[in-house]
Amino acid sequence: GRARGAGVCKSRPLDLVFIIDSSRSVRPLEFTKVKTFVSRIIDTLDIGPADTRVAVVNYASTVKIEFQLQAYTDKQSLKQAVGRITPLSTGTMSGLAIQTAMDEAFTVEAGARGPSSNIPKVAIIVTDGRPQDQVNEVAARARASGIELYAVGVDRADMESLKMMASEPLEEHVFYVETYGVIEKLSSRFQETFCALDKCALNTHGCEHVCVNDRSGSYHCECYDGYTLNEDRKTCSAQDKCVLGTHGCQHICVNEGTGSYHCECYEGYTLNADKKTCSVRDKCALGSHGCQHICVSDGATSYHCDCYPGYTLNEDKKTCSVIEEARRLVSTEDACRCEATLAFQDKVSSYLQRLNTKLDDILEKLKVNEYGQIHR
């Protein structure tokens, strides 16, 4: 767009719908003036999918959506589309036009951005007559749905109806011009209304590092990476990245005071190439090896335990016993083993004896049987 206030003005993103009266009372030449007024406002806006989107609703006794919010994404094609609009017929169904805009133009399907976007929904209604339908209730519903309504009256427009349609405060939302010839002058008023002053460009912001314009027309300060905004919301202090807990050091974070830091490792560990994680340099240095006497490192990842002279390593491979003690343990073990073996042997021999007796009985019986059969 053209330079606005030496680059101090940036238009806020809007979902903007023009509702224009093209009934017969508006002569063709005058209707051209309305279209010029619309184009002038478009000129002052930043048009684009992420900036302002524009739709036009044309009305008389019927209502026609000329194009929806998502139809044109650049200023040139938008203004060409406005130029192609032709007047409708008789009648002034302002209420129906507002209702149509609310139901069909301000929908997400038609290209409006939803409530979560915080992008204002704005309608500018331009009329030179008195509505032939009820505008009071429908305008109230439109305002309640979050649409900001501006009413522009020309010539014989009914002032009371304009006030019924427009949003509060009325002095900022109701405009009246004597003729269509001077309507263009209003475009600068709308430019100011839709202009978010570029507070950052004014250089009075006082931000130490970065000034960021907000969509609402105000601004806030931010800091360079590694710095934090102070309580005054303007100046910045170097962050203690270690306190933030975002440093990613596996073991120790060391603050360097300039908004930067470095990582270190516990004893027995080495810093890896990523400068954040640590690897065991020596398992014995960890103190978690569990060796009662001596830990012997076998490279970075393994170790074994050893004992002082006069001691021997127990079966758990960690604890140590005095060699004499070890002998006694062995001999006690032997003794136990010996007893167990004897007891077992006793059991086996008594079992075998019982078995022998049984076998003798069986053989005796067989003999008796045989003898009986032979002498039958």
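Guide: Two strands pair if DSSP finds at least two bridges between them. Helices (H or I, at least four residues) and strands (E, at least two) are DSSP runs, numbered from the N terminus. Before we look around: this is a predicted model, where local features need pLDDT of at least 70, side-chain atom pairs count only at pLDDT 80 or more, and totals for chains, interfaces and linings use all residues. Residues are numbered from 1 along each chain as its sequence is written, and side-chain values use heavy atoms, with hydrogens and water left out.

Visitor: Okay, in what order do the strands of the open sheet come?

Guide: The general idea comes first: strands of a sheet pair through backbone hydrogen bonds, either parallel or antiparallel. Here 6 strands make an open sheet with mixed pairing, and the order is 4-3-2-5-6-7. At the edges sit strand 4 (63-67) and strand 7 (174-177), each pairing on one side only. From one strand to the next, the twist averages 20°.

Visitor: In which sense do strand 5 and strand 6 pair?

Guide: Strand 5 (residues 121-127) and strand 6 (residues 147-154) pair in the parallel sense, over 7 bridges.

Visitor: Which strands does helix 3 touch?

Guide: Contact means heavy atoms within 4.5 Å. Helix 3 (residues 94-105) packs on the sheet and touches strand 2 (15-21), strand 3 (53-59), strand 4, strand 5 and strand 6. Its direction makes about 45° with that of strand 4; axes are lines fitted to C-alpha atoms, for helices over the stretch in contact, and angles run from 0 to 180 degrees between N-to-C directions.

Visitor: At what angle do helix 3 and helix 4 cross?

Guide: Roughly 25°, with the axes of helix 3 and helix 4 coming within 9 Å. That makes helix 3 roughly parallel to helix 4 (angles under 35 degrees count as roughly parallel, over 145 as roughly antiparallel, 65 to 115 as roughly perpendicular and the rest as oblique). Helix 3 contributes Gly 95, Ile 98, Gln 99 and Met 102 to the contact, while helix 4 brings Val 138, Ala 139, Arg 141 and Ala 142.

Visitor: And which residues of helix 1 and helix 7 meet?

Guide: Phe 37, Arg 40 and Ile 41 in helix 1 meet Leu 186, Ser 187, Phe 190 and Phe 194 in helix 7. The axes of helix 1 (residues 28-43) and helix 7 (residues 186-194) come within 9 Å and cross at roughly 30°, so these two are also roughly parallel to each other.

Visitor: Now the loops. Is Thr 92 buried or exposed?

Guide: Thr 92 is buried, at a relative accessible area of 9%. You'll find Thr 92 in the loop between helix 2 (75-83) and helix 3. Leaving aside neighbours within four places in sequence, its contacts include Asp 21, Tyr 59, Thr 127 and Arg 130.

Visitor: Where is Gly 146?

Guide: Look in the loop between helix 4 (136-144) and strand 6. Gly 146 is partly exposed, with a relative accessible area of 44%. From Gly 146 to Pro 120 is 26 residues in sequence and 8.0 Å in space, C-alpha to C-alpha.

How values were computed:
Buried < 20%, exposed > 50% of the residue type's maximum accessible area, 1.4 Å probe, protein only.
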